[in-house]
Amino acid sequence: MAQPTMWCNQSKNHVDHIAAGSFESAMKLMRTNFGVKNFAPLKAHFMKCFAAATAAAPQAYHLPSHLHYLNRADSKLPATAFTLAMLTEKAKEGGRYVTEGVKKFKDARDAFQLILQMNLFLVVDESQKAERVALVKKAQEYASAFSLELARAAVTDKAKNSAMAAYFTHYSLDHNHAALALQFACKEAFKNGYYQTSASIARRLLDFNPNPRLTVQLRKVMAETKPDATQLDYDSRNPFELCVVDWTPMYMGSGEPVRCKVCGAPAQAKFNGEKCPICAVGSFSAGAFEASW
């Protein structure tokens, strides 16, 4: 029996089917197990997985190269193209883009989105599973946060713009990035006439122990007594998740969201079955997100 056929027979992991060149069975598994709906962004990853499991050895000049099939260490299954270290390095790259500022936000979003896609082709042992889950969660938070920020840049309505800037501060970002998000949201809200919203964000930013100059500015914001220009669709005291399709807050008690089976991003129930814009490959379905890759 040919080695690729044995790989397919021995494994139900789509990565092994890709390595065997059985793309159709791999895609079927990915649709069934992870709700993958858009395969176009994954084409290059398919080819890398396929190439990683084979090696061509040259023979005499008049003979074709001999094809060798490569297995994973201590396994009869194929070698893989992606490692957890590769995804970790991509996360560091995304973080550097965030630090460089607004002009690099799209690059940051793209880097974390790529992690969510690459994760589908990762095979790890038990000791790496917790690290993998944490990395995917972080990538989803960052990809969502900067997708929101890119969408906000096109919003001209002051109320919606200020609310979206405030939503941005509720994503789980690294300490320095979270402080930048709060500082930016505070400034946007105050500029747009949402003085009390700006003051509440300023109080949160003070917990980050900002430099003395910024602290003085924040205390001036907090001393402002003018009311908000209008009522924002934002309540910082009521826990919520943000729908990643239309950026509407889903407050506690308003119903269970649907989630992308690839990355776990949440959306309103009306978007069930639609493509996830965060990983750009998965789709939303009911039920809790399970990191089953």
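## A walk through the model

Start at the second largest pocket, whose lining residues divide into 12 nonpolar, 4 polar and 4 charged. Here Ala, Val, Leu, Ile, Met, Phe, Trp, Tyr, Cys and Pro count as nonpolar, Asp, Glu, Lys and Arg as charged, and the others, Gly among them, as polar. A pocket is an open set of points on a 1 Å grid over the protein atoms alone, where a 1.4 Å probe fits, with protein on both sides within 12 Å along at least five of seven lines; lining residues have an atom within 4 Å of a point.

Before you click further: this is a predicted model, where local features need pLDDT of at least 70 and side-chain atom pairs count only at pLDDT 80 or more, while totals for chains, interfaces and linings use all residues. Residues are numbered from 1 along each chain as its sequence is written, and side-chain values use heavy atoms, with hydrogens and water left out.

**Stop 1: the second largest pocket**

Select K137, Q140, E141, E241 and P266: among the 20 lining residues, these lie nearest the centre of the second largest pocket. Now colour helix 7 and strand 3 (240-242), the elements that give two or more residues to this lining. Helix 7 gives the most, with 5 residues. The space in the second largest pocket comes to about 320 Å³, a volume being the space filled by probe spheres set on the points, with grid points joined across faces, edges and corners.

**Stop 2: zoom out**

Show the whole protein and you have 11 helices and 7 strands to look at. Helices (H or I, at least four residues) and strands (E, at least two) are DSSP runs, numbered from the N terminus. Along the principal axes, the C-alpha atoms fill a box of roughly 85 × 40 × 35 Å. Of the 293 residues, 46% are buried, with buried meaning under 20% relative accessible area, exposed over 50%, and partly exposed in between (1.4 Å probe, protein chains only). Take the contacts (heavy atoms within 4.5 Å) between residues at least 6 apart in sequence: 57% of them join residues at least 24 apart.

**Stop 3: the largest pocket**

Next, select L180, A181, Q183, F184 and K187, which lie nearest the centre of the largest pocket among its 20 lining residues. Helix 5, helix 9 and helix 11 (212-223) are the elements that give two or more residues to this lining. Helix 9 has the largest share, 8 residues. The largest pocket has a volume of about 420 Å³, and its lining divides into 14 nonpolar residues, 5 polar and 1 charged.

**Stop 4: helix 5**

Pick out residues 84-100. The 17 residues of helix 5 should span 24 Å at 1.5 Å a residue, and the end C-alpha atoms agree with that, being 25 Å apart; the expected span is 1.5 Å times one less than the number of residues. Which residues of helix 5 are buried? They are L84, L87, K90, A91, G94, G95, Y97 and V98. Seen down the axis, these buried residues of helix 5 fall within an arc of 155°, so they line one face of the helix. The arc is that of the directions from the helix axis to the C-beta atoms. Covering the buried residues are, among others, helix 6 (105-118), helix 7 (129-152) and helix 9 (175-191). Just past the end of helix 5, G101 takes a positive phi of about 110°.

**Stop 5: E149**

Hop over to helix 7, where E149 is found. At 6% relative accessibility, E149 counts as buried. Beyond its neighbours within four places in sequence, E149 is in contact with F105, F168 and F184.

**Stop 6: helix 11**

In helix 11, show L214, T215, L218 and V221, which are buried. They cover an arc of only 120° around the axis, which puts them on the same side of helix 11. Turn to the other side of helix 11 for the exposed P212, R213, R219, K220 and A223. Helix 9 and helix 10 (195-206) are included in what covers the buried residues.

**Last stop: two loops**

W247 sits in the loop between strand 3 and strand 4 (249-251). Its phi is near 60°, a positive value in a residue other than glycine. W247 counts as buried at 9% relative accessibility.

Finish at A280, in the loop between strand 6 (266-267) and strand 7 (284-285). A280 isn't a glycine, yet has a positive phi of about 70°. With 15% relative accessibility, A280 counts as buried.
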